[in-house]
Amino acid sequence: MKTLLQAIDIHKYFGKQHVLKGINLDVYEGETVVIIGPSGSGKSTLLRCLNLLIKPDRGRIIFDGVDITSGGVDINKVRQEIGFVFQSYNLFAHLTAIENVVLGLVKVKKMSREEARRVAAEALLSVGITEDLWSKYPAQLSGGQQQRVAIARAIAMNPRLLLLDEPTSALDPELTVEVLNVLEKLSEKRMTMIIVTHQLGFAMRAADEVVFMEDGKIVEKGPPEKILLNPEKERTREFVSRLM
Ligand code: ADP
Ligand code: MG
């Protein structure tokens, strides 16, 4: 298996607060990694470091064999290859569903509008957003539909890696299910993903590896059956049992 991303001894400070305290993480191509851990443990900060939305203070990130934390790397190119899906969808409110997907394809990928609409349509259909919804604005869509448009926007760019930060935590249970189903399908298609989520059923079904973070460190990681059902560390057991 090929290593797609390697984070080596990542540290991040916000002022004096030491938020990431030496994170080491390997992600193989085609793998689904789920990160769990208490609020404030540094999960979002880690994801943001991985695609250079914020710069780690120490450590290296090797993506597809290239040290993207060294100088001279084109950050925009890195961000094209590493997609990001936020908890709060972050769709452009003044653009329709399909225009939200088309925009990056035209502006960043330099596709013609015609080609971009074709690629966008395919991405939207793949997440279950049917044609009747394409011309609706975000405010006219349910939260689950908006999040699926956001996922379509990310995958239409054909990223090598997709990062998702609590993609269902703003959603009602039934809308959560429709988004998790989409992610499960992507996982089956071997899209490489790192997902922060506390949906343990999903993690059990879809994750190749579960990572438990606390206080800026990885406490324990391994296959879902081990981390979720039979963890080594008491802290992991406590945290997981509270979510069950
Ligand atoms: P999690 O996603 O696990 O809840 P975060 O990565 O969001 O944790 O936050 C980890 C810690 O870093 C928290 O104490 C948070 O307040 C702090 N933090 C996060 N982002 C910033 C920021 N931009 N500026 C200052 N502190 C931050
Ligand atoms: Mg977070």
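**Before starting.** Residues are numbered from 1 along each chain as its sequence is written, while chains are lettered from A and ligands numbered from 1 in the order in which they are written. Because the model is predicted, local features need pLDDT of at least 70 and side-chain atom pairs count only at pLDDT 80 or more, whereas totals for chains, interfaces and linings use all residues.

**Select the whole protein.** The average pLDDT is 96, and 100% of the residues score at least 70; pLDDT is the predictor's confidence in each residue, from 0 to 100. For the complex, the predictor gives an ipTM of 0.98 and a pTM of 0.96. Colouring by secondary structure shows 9 helices and 10 strands. These are DSSP runs, numbered from the N terminus: helices are H or I of at least four residues, strands E of at least two. The C-alpha trace spans about 50 × 45 × 35 Å along its principal axes.

**Select the core residues.** Of the 244 residues, 42% count as buried, that is, with 20 or more other C-beta atoms within 10 Å of their own; 12 or fewer makes a residue exposed, and anything in between partly exposed, with C-beta atoms placed from the backbone. The largest nonpolar core has 70 residues, and Leu50, Val101 and Val210 are among those with the most contacts inside it. Such a core is a set of buried Ala, Val, Leu, Ile, Met, Phe, Trp, Tyr and Cys residues joined through C-beta atoms within 7 Å. Helix α5 (residues 143-156) supplies the largest share of this core, 7 residues.

**Select Val210.** Leaving aside neighbours within four places in sequence, its contacts include Val34, Ile36, Ala203 and Leu228; a contact requires C-beta atoms, placed from the backbone, within 7 Å.

**Select ligand 1.** Around it lie Phe14, Val19, Gly37, Ser39, Gly40, Ser41, Gly42, Lys43, Ser44 and Thr45, each with its C-beta atom, placed from the backbone, within 6 Å of the ligand. Helix α1 (residues 43-50) gives the most to this shell, with 3 residues.

**Select Asp208.** This residue is in the loop between α7 (200-206) and β9 (209-214). Asp208 counts as partly exposed because it has 18 C-beta neighbours inside 10 Å. Not counting residues up to four places away in sequence, Asp208 touches Glu31, Thr32 and Val33. To finish, select Leu164 as well: its C-alpha atom is separated by 16 Å from that of Asp208, 44 residues apart along the chain.

Technical notes
Two residues are in contact if their C-beta atoms, placed from the backbone, lie within 7 Å.
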